[in-house]
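User: Could you take me through this model before I start on it? I would like the overall layout, then some individual residues.

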Amino acid sequence: MLPQRIKKTITDNPKKLANLIDLVNLPSTLREFVGHSQASRLGCFMRVWSYIKENNLQDPNNKNVVNCDEKLRSILLGKPQVDLAELPALIKLHFPKKLK
């Protein structure tokens, strides 16, 4: 069962959901990180998030900040620290813009 908020989002704007779950060919840096040649934006975000949790990369003093190691830095524009709020936007940069 999906939460009511997600159901409403899907019914109100199905294109928005499609942009998150459509499989695309990944660029080489993201492909090496994820380990697949194709993935969705949502799948990549979830893989990055699980990598952050597995390697304890969240700042212990401020859980809204991620301290990037070399592997994570390679896909996040070389930034040493990233705010959690900007993480989806940085991952989105790797995905090609769809033509209308």
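**Layout and residue contacts**

Analyst: Along the sequence the elements follow the order α-α-β-α-β-α-β-α-β-α, which comes to six helices and four strands. Here helices (H or I, at least four residues) and strands (E, at least two) are DSSP runs, numbered from the N terminus. This is a predicted model, in which local features need pLDDT of at least 70 and side-chain atom pairs count only at pLDDT 80 or more, while totals for chains, interfaces and linings use all residues. Residues are numbered from 1 along each chain as its sequence is written, and side-chain values use heavy atoms, with hydrogens and water left out.

User: What share of the protein's residues count as buried?

Analyst: Of its 100 residues, 26% count as buried, where buried means under 20% relative accessible area, exposed over 50% and partly exposed in between (1.4 Å probe, protein chains only).

User: And which residues have the most contacts inside the largest nonpolar core?

Analyst: Those are L26, C44, V48, L72 and L76, in a core of 21 residues. A nonpolar core is a set of buried Ala, Val, Leu, Ile, Met, Phe, Trp, Tyr and Cys residues joined through side-chain atoms within 4.5 Å. Helix 3 (28-34), helix 4, helix 5 and helix 6 (87-92) each supply at least two of the core residues, and helix 4 gives the largest share, four residues. In soluble globular proteins, nonpolar side chains tend to be buried together.

User: What does L76 touch, leaving out residues up to four places away in sequence?

Analyst: With those left out, L76 touches C68, V82, L87 and L90, a contact being heavy atoms within 4.5 Å.

User: Switching to aromatics, how many aromatic pairs are there?

Analyst: There is one aromatic pair. The ring centres of F33 and Y51 lie 5.0 Å apart with the planes at 70 degrees, so the arrangement is edge-to-face. Rings of Phe, Tyr and Trp (its six-membered ring) pair if their centres lie within 6.5 Å, with planes under 30 degrees apart counted as stacked, over 60 as edge-to-face and the rest as tilted.

User: Which charged end sits over the ring of F33?

Analyst: The charged end of R47 does, 5.8 Å from the ring centre, and K71 also lies over the face of F33, at 5.4 Å from the centre. The criterion is that NZ of Lys or CZ of Arg is within 6 Å of the ring centre and within 35 degrees of the ring normal.

User: How many salt bridges does the structure hold?

Analyst: It holds two, a salt bridge being a side-chain nitrogen of Lys or Arg within 4 Å of a carboxyl oxygen of Asp or Glu. E70 pairs with R73, with the closest N and O atoms 3.1 Å apart, and E86 pairs with K79 at 3.0 Å, N to O. Side chains of opposite charge can pair when their charged atoms come close.

User: How are E70 and R73 placed in helix 5?

Analyst: They are separated by about one helical turn, because they are three residues apart in helix 5 (residues 70-75). E70 counts as exposed at 60% relative accessibility, whereas R73 is partly exposed at 25%.

User: New topic: where is Q58, and is it buried or exposed?

Analyst: Q58 lies in the loop between helix 4 (41-54) and strand 3 (65-67), and because its relative accessibility is 14%, Q58 counts as buried.

User: What does the Q58 side chain make a polar contact with?

Analyst: Its partner is the side chain of K53, at 3.2 Å. A polar contact is a pair of N or O atoms within 3.5 Å; within protein, one must be able to donate a hydrogen and the other to accept it, and residues adjacent in sequence count only if both atoms are side-chain atoms. A polar atom of the Q58 side chain also lies 2.7 Å from the backbone oxygen of K63. Not counting residues up to four places away in sequence, Q58 touches several residues, including W49, I52, V65 and L84.

User: Last one, where is H94 found?

Analyst: H94 is in the segment after helix 6 and counts as buried, at 18% relative accessibility. Leaving aside neighbours within four places in sequence, H94 is in contact with P27, T29, L30 and I75.
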